[in-house]
Amino acid sequence: MNILFVNPPFKAEYGKYSREARSAMITNSGVIYYPLWLLYAAGVCKKEKYKVTFLDAPAKQMNHNQSFEWIKEKKEKYALIVIDTSTPSIYNDSKFAGDLKEIFPEAFIILVGTHPTALPEETLMLDKRIDAVAIGEFDYIIRDLAKTIENKEDLKNVKGLVYKKDNTIIKNEKMDLITDLDKIPFAAELIKEFLNPRDYFFAASAYPEIQIFTGRGCPARCYFCVYPQTIHGHKYRVRSVENVVEEFEYIVNKMPEVKEVVIEDDTFTIDKERVKQICNLLIEKGLNKKIKWLCNARVNLDYETMRLMKKAGCKLIIPGIESGNQEMLNNMKKGATIKQIEEYVKSAKKARLLIHACYMVGNKGETKETMEDTLKFAIKLNTDTAQFYTLHPYPGTEAYNWAVEKGYLDNKNYENWIKDDGTHNCVINLDNISSKELVEFCDYARKRYYLRPKYILKKVGQSLISWDELVRNVKGFFNIAPKLFKRKKNK
C-alpha cells in the first residue's frame, strides 16, 4: 500500500511558506521550518512497511501545477494521501487536497494540523472532496487509518478521526497522546531520505541546519501558544537521553553537511536534570566538539545549567520574552517576571550563550505605552537577535476565544491572516490600537533594533572571528534587508 504525504504549495512566487512554524507565514528573515510533524507520521508508516512518498512543496518553492506534475511523475497509485495544513493557508490546502482527489479518485484524502484539530467540522465542509481530518497528534491516527483502509475495515475504529459518511460528519473517540517517543523514527533519518537540508533556513543557526524534537507538549500555559493547546497538550513527554544522543551521533556520522542541530521542543529546558544528562552524554561521546546546537529555553533556566549546555555544544537559546511590561506578561499567563528575564539574559551572556529573543504585541491590556516598554526592554537586553510580531490568535487557543468574545478579531476570512505576499498580517483590532498600528509598530521596532550602530558593530565583530557566523549574518541580513529598508507606499 502506498501513502503520499504532502506539505502543499502556497504563495510560492513570494518565497518559502513555513507551515509548521508557530505562526505560519513567509518570514521576514527567510526562515522555513522542516515539516517535522508530517515527517514523523510518514516515518511511523514507513516503519509499518508501507511505501511512503513525501513532498515538501514550499521548500522547493513549487506551485500547484509543479506539485501535481511532481506527484504524477512518480506514477504511483496512492490508497491514502495526507495533507498538512495551517490556518492562513486552509482554503488553499483544502482545495489542493480536493484537486488531488480528482487525480487519485480512489485515494482516501485526510487533512492534518492545528486548524483541523481546532475546527474539524468546519474544515471538512471547506471542500466536499475531502474524506476526513485528524484531531490532535496524528502519527498513530494515520498509521491506524492506513491499516483500516488496507484491511477494508470500519472507519469508526480509528481513534482521532473525523470523517464523512452518508452526508453526515462522524467524530470518533480521541486518540491518546504518545508516551513512548523512542518508538518514533529519528527526524534526521527521514530528512536524509526525503528532504535536502540546504532547502531550509533558521536565522539563529549556522547553515545548513537540521531540526529535531526530543519531546512533545509543554506544561506552560501561555494563552496564545497553539501547539500545546491543540496538538500535543500540556504534559511534557520525552525521548530517553540515550535516544536523543543517538540521533546526534547519526547526524554527525551520516549528515556531515549539517552545521547545527535546532532542538524544536516548545521548551527543551523544562526538566533541567534531563538536560544535564543529555549534555553530559554529549560531552562523554565527544559530540560537543563535532556539532553545535540550539534550543527553546524558558527564562527560569539557571546559570549552572547554561554553563553545562555551553560546554556540551549549545550555542544559542531562544526564550519567549514577549513583553517588557509585567502586567502584559501576567495577562499572557507567561509565568515570568521582568527581574527573572533580566537575570536570565545576564546569566546567558556570562555563560557565553547567544540569545534569540521573541517579542509579541497586541495581547490583553496592550497599550501604546506597553508596546514602547517592550521595545525599550528589548534594546536594553541587547540579545544577539530579536523578532517582533503581532499576536495571532489561532483557533483552539485561549487567545482566540478572548479575541472573539471581545469582538477584536478583524474577520474570519483566514486568507487575511497573512498579506498577499505571504508575510505576517494582523487580524485583531484592540479598543485603543488598530491592526495597522500594531503591524507598523513591529516594523518600526525591527528597524530600531537592528539598525543601531552598536548592534551593527557587534555583528561585524562576530563575523570577523567565525566563518559560520559570517555566513549566518550575511544570509540573515540579505533576507531581512528588504523589510528594514522598504519604503511606505503613497496612498
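Tutor: The model here is a predicted one, and we will set its values against the definitions behind the words.

Student: What makes the overall size of the protein agree with a compact globule?

Tutor: With 491 residues, a compact globule would have a radius of gyration near 23 Å, and the protein has 22 Å, so the two agree. Along its principal axes, the C-alpha trace spans about 65 × 60 × 35 Å, and the protein contains 18 helices and 15 strands.

Student: Why is E264 called buried?

Tutor: A residue is buried when its relative accessible area is under 20%; E264 has 4%, and therefore it counts as buried. This residue lies in the loop between β11 (260–263) and α10 (272–284), where it touches R22, Y33, F202, Q211, I212, F213 and N296, leaving aside residues up to four places away in sequence.

Student: What makes the pairing of E264 with R22 a polar contact?

Tutor: The side chains of E264 and R22 come to 2.8 Å, and the limit for such a pair of N or O atoms is within 3.5 Å, so the distance meets the cut-off.

Student: How do you know that the length of helix α9 agrees with its number of residues?

Tutor: Helix α9 covers residues 241–254, which is 14 residues, and at 1.5 Å a residue it should span 20 Å; its end C-alpha atoms are 20 Å apart, so the expectation and the model agree. Within α9, the buried residues are V241, N243, V244, V245, E247, F248, Y250 and I251, and what covers them includes α7 (187–194), β8 (209–212) and β12 (292–296).

Student: Which residues have the most contacts inside the largest nonpolar core?

Tutor: They are F5, I110, F248, W293 and I317, in a core of 136 residues. Helix α1 (residues 36–47) gives the largest share of this core, nine residues. Apart from it lies another core, of 22 residues, among them L55, F68, Y78 and L100.

Student: Is C222 buried or exposed?

Tutor: C222 has 9% relative accessibility, and because the limit is under 20%, it counts as buried.

Key. Residues are numbered from 1 along each chain as its sequence is written. This is a predicted model: local features need pLDDT of at least 70, side-chain atom pairs count only at pLDDT 80 or more; totals for chains, interfaces and linings use all residues. Side-chain values use heavy atoms; hydrogens and water are left out. Helices (H or I, at least four residues) and strands (E, at least two) are DSSP runs, numbered from the N terminus. Buried means under 20% relative accessible area, exposed over 50%, partly exposed in between (1.4 Å probe, protein chains only). A polar contact is a pair of N or O atoms within 3.5 Å; within protein, one must be able to donate a hydrogen and the other to accept it, and residues adjacent in sequence count only if both atoms are side-chain atoms. Contact means heavy atoms within 4.5 Å. The expected span of a helix is 1.5 Å times one less than its number of residues. A nonpolar core is a set of buried Ala, Val, Leu, Ile, Met, Phe, Trp, Tyr and Cys residues joined through side-chain atoms within 4.5 Å. The radius of gyration is taken over C-alpha atoms; the globule rule is 2.2 Å times the number of residues to the power 0.38.
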